[in-house]
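Here is a short report on charged side chains and their pairings. Begin with the sequence and the model.

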Amino acid sequence: MTGILEPVRSRLIETLAGRSDEVPRWVLALEDGDDAGFFSAGSAPWVVHGGMPTLVAGVRALLLQALHPGALAGVRDFSRFREDPLGRLAGTIQWIHTVTFGSTGQALASSQMVRAMHKRVTGTFVDGHGVTRPYAANDPELAAWVHVAFADAFLSAHEHWGSPIPGGADEYVAQWATAGELMGVERPPRSAEELRAQIDGYTDAGELRGGPEVEEIVRFIRRPPLRRMLRPSYRVVFRAAVSTLEPRHRAMLGFRATPFDRAFPVHTATSAVLKGAGVLLGPQTQAELAARRRLARLAAA
């Protein structure tokens with residue numbers, strides 16, 4: 001890496017992993033597992049979660065999840081997203097990569113740890129029909145929304161800017177249903193059609209809504225406290241995430257199309273940003289490299 005690019009690379013790694021001076025211990029631990037894990041090397045989840053479109057997918061998932069007032073209440077009431085937004089991002093990445101690339105035991109332990117942390121996330125919220133209801137982060141209903149919003153975000157971003165998915169979109173949704181079950185989802189979708197039907201179901205039933213609280217979160221996601229050198233690229237990534245949302249979800253989030261939006265070459269600009277990120281970060285994540293070392297060790301045993 002040249003001296004010019006190294007500071008940018010360090011800041012990007014710091015944003016995604018929480019620090020840039022060393023590989024996190026949880027990543028190195030993925031080399032030590034004792035089986036292949038839930039997903040094989042080169043599987044649909046490996047391809048989708050190991051690609052640069054995840055940078056867009058993460059933003060899109062946050063935006064879509066915020067439309068469920070129960071999920072939003074949990075974030076507002078318990079998350080430290082304002083004080084430590086990068087820490088929350090790093091924790092989410094740790095779970096995704098551990099479940100995707102880790103051994104079975106590691107994936108189970110990581111999911112159990114997240115669910116244990118979620119036990120305290122309880123309260124009340126006003127639903128899309130104006131009714132005050134209790135919420136708990138581990139409730140199957142709320143976990144189901146988070147799962148489908150996540151899967152839809154990662155699949156949509158990859159379909160726009162990623163490589164072909166082994167087995168196609170249906171294979172990704174079917175395999176990633178395992179992650180939903182680990183998080184307590186009772187009937188995760190198992191095809192792309194079923195995934196989008198479930199999201200349509202929430203929307204058509206009026207379970208999602210916008211409003212001032214949603215707009216507050218959107219403002220934060222639009223302009224998070226990133227290093228100055230990363231902000232221009234992030235603006236492109238943010239526009240990319242918004243562009244892949246359904247029009248009615250964009251409207252709930254408070255986005256209105258402008259002549260500039262229609263003229264902005266979002267697909268081309270995003271492709272360039274993601275290509276640059278790939279140059280900085282390399283073709284494979286550190287988590288995937290650790291997993292491949294584990295698989296090589298197991299094959300040689």
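## Glu31 and its partner

Glu31 is partly exposed, at 28% relative accessible area. Buried means under 20% relative accessible area, exposed over 50%, and partly exposed in between (1.4 Å probe, protein chains only). Its side chain forms a salt bridge with that of Arg293, at 2.8 Å from N to O. A salt bridge here is a side-chain nitrogen of Lys or Arg within 4 Å of a carboxyl oxygen of Asp or Glu. Glu31 sits in the loop between α2 (25–29) and α3 (44–49), and Arg293 in helix α16 (residues 286–300), so the pair ties together parts 262 residues apart in sequence. Arg293 is also partly exposed, with a relative accessible area of 34%.

This is a predicted model: local features need pLDDT of at least 70, side-chain atom pairs count only at pLDDT 80 or more, and totals for chains, interfaces and linings use all residues. Residues are numbered from 1 along each chain as its sequence is written, and side-chain values use heavy atoms, leaving out hydrogens and water.

## Other salt bridges

The whole structure holds 14 salt bridges. Side chains of opposite charge can pair when their charged atoms come close. Glu186 and Arg187 pair at 4.0 Å, N to O. Glu186 is exposed, at 55% relative accessibility. Arg187 is exposed too, at 65%.

Arg292 is partly exposed, at 35% relative accessible area. Glu288 counts as buried, at 8%. Elsewhere, salt bridges with shared partners join Arg60, Asp152, Glu159 and Arg196 into one network.

## Asp152

Asp152 belongs to helix α8 (residues 140–161). At 5% relative accessibility, Asp152 is buried. Contact means heavy atoms within 4.5 Å. Setting aside neighbours within four places in sequence, Asp152 contacts Arg60, Leu64, Leu195, Arg196 and Ile199.

## The whole protein

The protein has 16 helices and two strands. Helices (H or I, at least four residues) and strands (E, at least two) are DSSP runs, numbered from the N terminus. Of the 301 residues, 46% are buried. Among contacts between residues at least 6 apart in sequence, 77% join residues at least 24 apart.

The protein exposes about 14500 Å², with carbon and sulfur atoms supplying 56% of that area. Accessible areas come from the Shrake-Rupley method with a 1.4 Å probe; for residues, only the protein chains shown count as cover.
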